[in-house]
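This report sets out the main features of one protein chain. The sequence and structure are shown first, and the description follows.

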Amino acid sequence: MFTSPAGYPVGRQGGAPIPESGFVFVCVGCCCGHADRGGPKTPPRTLKREMRRAFRDSGVEGRLRLAFTDCLGPCSEANVVVLYLAGRPTWLRRVNDVDVFARILRWARGAVDGGEARLPTALAARSFAWTGGGEGPTPPIDG
Ligand code: FES
């Protein structure tokens, strides 16, 4: 079971632990997932369906919860995915195809299994800090 950054177990207050150890938030707001706005995208209306399938196939179901969200804020970084593991957010940008998403899930699976907590280099290039406001950082990668 995950513990919070302060060291206490993560679970429902006074009850059974929450089965999921974290969340995967996939933005499908005003820009993310829309081929006519933002950067390069998958064909229209395919990314969400493929991400759902990748999530099911990844083996993290029951340990992580997948949620599709409205705009998370940094539209300039579309397509945006946020992992919330052990009480910490990891923001990832340009998750423009399901293969990248599957790589993210493989890493997340390892992390919740107690494996490597640092992002692999290829995914680290997609990570960014976001505290809200502004246009977001200049992307270091294309596509
Ligand atoms: S629509 Fe995804 S960050 Fe705004």
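Helix α1 is followed by Gly-59, whose phi is positive, near 85 degrees. The model described here is predicted.

Helix α1 comprises residues 47-58. Four residues of α1 are buried, namely Leu-47, Met-51, Ala-54 and Phe-55. An α-helix has 3.6 residues a turn, so residues three or four places apart point the same way. The face of α1 turned away from the buried side carries Arg-49, Arg-53, Arg-56 and Asp-57, which are exposed. The cover over the buried residues of α1 includes β1, β2 (64-69) and α2 (98-112).

**Overall organisation**

The protein chain contains three helices and five strands, arranged along the sequence as β-α-β-β-β-α-α-β. Of its 143 residues, 27% are buried. Among contacts between residues at least 6 apart in sequence, 65% join residues at least 24 apart.

**Strand pairing**

Strand β3 (residues 81-85) runs antiparallel to strand β1 (residues 22-27), to which five bridges join it. Within this pair, Val-24 of the chain stands opposite Leu-83 in β3. Strand β3 also pairs with strand β4 (residues 88-92), again in the antiparallel sense and over five bridges; here Val-81 has Leu-92 in β4 as its bridge partner. β3 and β4 form a hairpin with two residues between them.

**The nonpolar core**

Which residues touch the most other members of the largest nonpolar core? In this core of 26 residues, they are Val-80, Val-81, Phe-101, Ile-104, Leu-105 and Ala-108. The elements that contribute two or more residues to the core are β1, α1, β3, β4 and α2. The most comes from α2, which gives seven residues. Leaving aside neighbours within four places in sequence, Ala-108 is in contact with Val-24, Val-60, Leu-64, Leu-83 and Leu-85.

**Loops and backbone geometry**

Most residues other than glycine have a negative phi, and most peptide bonds are trans. The table lists backbone angles that depart from this pattern.

| Site | Angle |
|---|---|
| Ala-78 and Asn-79 (cis peptide bond) | omega about 5 degrees |
| Ala-86 (not a glycine) | phi about 50 degrees |
| Arg-94 (not a glycine) | phi about 55 degrees |

Asn-79 is found in the loop between β2 and β3. The C-alpha atom of Ala-78 is separated by 9.2 Å from that of His-34, although the two residues are 44 apart along the chain. His-34 itself belongs to the loop between β1 and α1 and counts as partly exposed because it has 16 C-beta neighbours inside 10 Å.

Arg-94, in the loop between β4 and α2, is buried, because 23 other C-beta atoms lie within 10 Å.

Methods: Residues are numbered from 1 along each chain as its sequence is written. This is a predicted model: local features need pLDDT of at least 70, side-chain atom pairs count only at pLDDT 80 or more; totals for chains, interfaces and linings use all residues. A residue is buried if 20 or more other C-beta atoms lie within 10 Å of its own, exposed if 12 or fewer, and partly exposed in between; C-beta atoms are placed from the backbone. Two residues are in contact if their C-beta atoms, placed from the backbone, lie within 7 Å. Two strands pair if DSSP finds at least two bridges between them. The expected span of a helix is 1.5 Å times one less than its number of residues. A nonpolar core is a set of buried Ala, Val, Leu, Ile, Met, Phe, Trp, Tyr and Cys residues joined through C-beta atoms within 7 Å.
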